[in-house]
Amino acid sequence: MTRWFAVLAAPVLLCGCPDGGKVSEEKAAQAAARVAPVVKADVEQVRHGLPEGAKKLGSLLDTDPGANPSGLQRSIGAARAATPQLDTAKSTFFSFADTTGVVVRSEADPDTLAQRSILVPFPALKKALEPSAGVVEVIGDMAELGGVRGKSDRQWVLAHPVKDAEGVVKGMFVTGWSFRRYAYYLEEAAKREQHEDAQKRGEKSVPLLYVFMVHDKQAFGAPLTPPVDEQAIEKLDVVSKTSAGPFRGQVVVTERTFGVAAQRTPELGPDTAVAVLLSEI
């Protein structure tokens with residue numbers, strides 16, 4: 001990505017480790033410093049693109065959007081594709097909810113959100129049904145939006161009113177992302193960069209690296225992230241530790257020394273951060 005810089009829980013402790021630990025800590029700090037601006041850019045891309053996407057969707061809606069779910073699905077896809085910022089956004093879902101908050105159709109299949117109320121888990125989104133509303137955002141948890149089956153998750157969800165040609169609100173355009181699926185995207189990009197750096201230095205091995213999205217005291221990693229590593233981030237309480245700026249240090253997890261670094265992501269929401277665990281192999 002060119003724009004990047006474009007089991008049981010084992011004891012986790014901060015440590016004064018030898019040089020390998022210091023190298024891992026430095027690389028983790030560098031990776032976190034590169035990830036944080038990407039989160040900011042991705043958030044702003046969705047936030048700024050949603051109003052235009054909602055406007056385009058409004059122009060494509062049938063008089064009764066629920067009468068033709070397949071046609072509505074095509075309209076959602078067309079509205080997203082016709083909005084440059086949404087077309088390349090990292091959102092993991094795009095849906096249309098009616099004036100009662102029930103999702104009529106989503107762009108993706110299978111449509112796990114269909115006929116479910118988005119207002120039950122995210123009541124604050126009701127404001128997006130007001131004619132004068134702009135983008136409404138919330139962080140919460142809805143099982144149907146989870147990124148990894150069988151694992152807890154968190155979602156960043158945005159909604160904007162969708163109006164017809166007369167300015168009547170027909171529902172809302174809803175989008176956002178699963179923290180776990182977004183962590184996977186960030187992690188894969190960070191790994192590619194580590195691989196490219198190793199090639200430039202003529203090194204055959206690359207560090208072991210994990211990226212986490214953190215909300216309050218909970219950490220959400222990519223699908224294959226070992227639970228013990230998520231627990232390590234949670235025990236460090238990186239959101240508190242980054243209140244005054246970036247955090248960095250070293251931890252031992254299952255007898256391996258990791259560098260750890262974290263930065264707040266205020267653009268995403270309060271009490272959120274991105275964290276990196278990295279260990280030289």
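**Backbone, core and pocket features of the predicted model**

T254 is found in the loop that runs between strands β9 (247–253) and β10 (256–264). The structure described here is a predicted model. T254 has a positive phi of about 45°, although this residue is not a glycine. With a relative accessible area of 49%, T254 is classed as partly exposed, because the exposed class begins over 50%. E255 has a relative accessible area of 80% and is therefore exposed.

The peptide bond leading from D109 to P110 is cis, and its omega angle is near -5°. P110 belongs to the loop between β3 (103–106) and β4 (136–140).

The surroundings of F173 were then listed. Leaving aside residues up to four places away in sequence, F173 touches L50, G53, A54, L57, I76, L86, F94, S95, L158, A159, H160 and V162. One of these partners, H160, is found in strand β5, which spans residues 155–163. H160 has a relative accessible area of 12% and is therefore buried, since buried means under 20%. With residues up to four places away in sequence again not counted, H160 touches L50, P51, A54, A128, A133, G134, V135, G171, M172 and F173.

Open space in the model was also considered. Rolling a probe the size of a water molecule over the atoms shows where empty space is left. The largest pocket holds about 470 Å³ of space. Its lining is made up of 26 residues, of which T112, E144, L145, G146 and R181 are the closest to the centre of the pocket. By residue class, the lining of the largest pocket divides into nine nonpolar, eight polar and nine charged residues.

Methods: Residues are numbered from 1 along each chain as its sequence is written. This is a predicted model: local features need pLDDT of at least 70, side-chain atom pairs count only at pLDDT 80 or more; totals for chains, interfaces and linings use all residues. Side-chain values use heavy atoms; hydrogens and water are left out. Helices (H or I, at least four residues) and strands (E, at least two) are DSSP runs, numbered from the N terminus. Buried means under 20% relative accessible area, exposed over 50%, partly exposed in between (1.4 Å probe, protein chains only). Contact means heavy atoms within 4.5 Å. On a 1 Å grid over the protein atoms alone, a cavity is a set of points where a 1.4 Å probe fits but cannot get out, and a pocket is an open set with protein on both sides within 12 Å along at least five of seven lines; lining residues have an atom within 4 Å of a point. Grid points are joined across faces, edges and corners, and a volume is the space filled by probe spheres set on the points. Ala, Val, Leu, Ile, Met, Phe, Trp, Tyr, Cys and Pro count as nonpolar, Asp, Glu, Lys and Arg as charged, and the others, Gly among them, as polar.
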